Amino acid sequence: MNTNEQVLRLVTFGVGNASYAADIACVERVLRHEGVHAIPGMPSWMEGVIAYQGRVVPVVDLRRRFGLAERSGGAGGRLLVFTWGDDAIAAAVDRVVDVRTIAPGELAPPPRLASGPSAAFLRGMVRQGEAMVVVLDPMRLLSDEEQASLHDCIDAPAIEAADGRAPDA
């Protein structure tokens, strides 16, 4: 392996008092937390959807997904748009911190105690100074069943109309 294959570049971000990260290869864009449209019938941890580059993208509220208290202070935060193949999902986070490079040996496996739905999207842990950063696998933030049920909730013409665009004929 060459040196480029051995390193992992991570976008680190905060949700509550905790630090998280994801592979930068999955992060297409960081957006202001605005323009989210609530859709009836979505799970409680789904904030809604955004219109992004001609697509309707579901927004996961990571605070709710992780069982944390609601954000105080109202507006703010960021949306991380994760993409893989033709799929995309946005994650609502409190702050984006930085991009860092780690060697593969620095990424420890997730704790064995991690279980339930959240264990599926944990990729590992990495130390950042004295703190631990939880590395997520964004492609697994939604299970296959959850992705399928979201498609039933999303009405693209309604999102386009809310953004002031005419739906495609």
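Predicted model: local features only at pLDDT ≥ 70, side-chain atom pairs only at ≥ 80, totals over all residues.
Local features are reported where pLDDT is at least 70 and side-chain atom pairs where it is 80 or more, whereas totals for chains, interfaces and linings use all residues. Residues are numbered from 1 along each chain as its sequence is written, and side-chain values use heavy atoms, with hydrogens and water left out.

Of its 7 residues, 6 are buried, so β6 is largely enclosed by the rest of the structure; here buried means under 20% relative accessible area, exposed means over 50%, and partly exposed lies in between, with a 1.4 Å probe and protein chains only. Strand β6 pairs with strand β3 (residues 27-32), the two running antiparallel and joined by 5 bridges; pairing requires that DSSP finds at least two bridges between the strands. Within this pairing, R32 has R78 of β6 as its bridge partner.

Next comes an open sheet of 5 strands, arranged in the order β8-β1-β2-β10-β9 with mixed pairing. Strands β8 (95-102) and β9 (122-128) stand at the edges with a single partner strand each, so one side of each is left without a neighbour in the sheet. From one strand to the next the twist averages 30 degrees, where axes are lines fitted to C-alpha atoms (for helices over the stretch in contact) and angles between N-to-C directions run from 0 to 180 degrees.

Turning to charged side chains, the whole structure contains 5 salt bridges, each defined by a side-chain nitrogen of Lys or Arg within 4 Å of a carboxyl oxygen of Asp or Glu. One of them links R123 and D23, with an N to O distance of 3.7 Å. As R123 belongs to strand β9 and D23 to strand β2 (residues 18-23), the pair ties together parts that are 100 residues apart in sequence. R123 counts as partly exposed because its relative accessibility is 35%, while D23, at 16%, counts as buried.

Another salt bridge connects D94 with R63, the closest N and O atoms being 2.9 Å apart. D94 sits in the loop between β7 and β8 and R63 in helix α2 (residues 62-65), so this contact ties together parts that are 31 residues apart in sequence. Both D94 and R63 are buried. Salt bridges with shared partners also join D61, R64 and E70 into one network. Within it, the closest N and O atoms of R64 and D61 are 3.4 Å apart; R64 is partly exposed at 32% relative accessibility, whereas D61 is buried at 9%.

Finally, Q53 deserves a brief note. Although Q53 is not a glycine, its phi is positive, at about 50 degrees. Q53 is found in the loop between β4 (46-52) and β5 (55-61), and it counts as exposed because its relative accessibility is 52%.

Conventions
Helix = DSSP H or I, 4+ residues; strand = E, 2+ residues; numbered from the N terminus.
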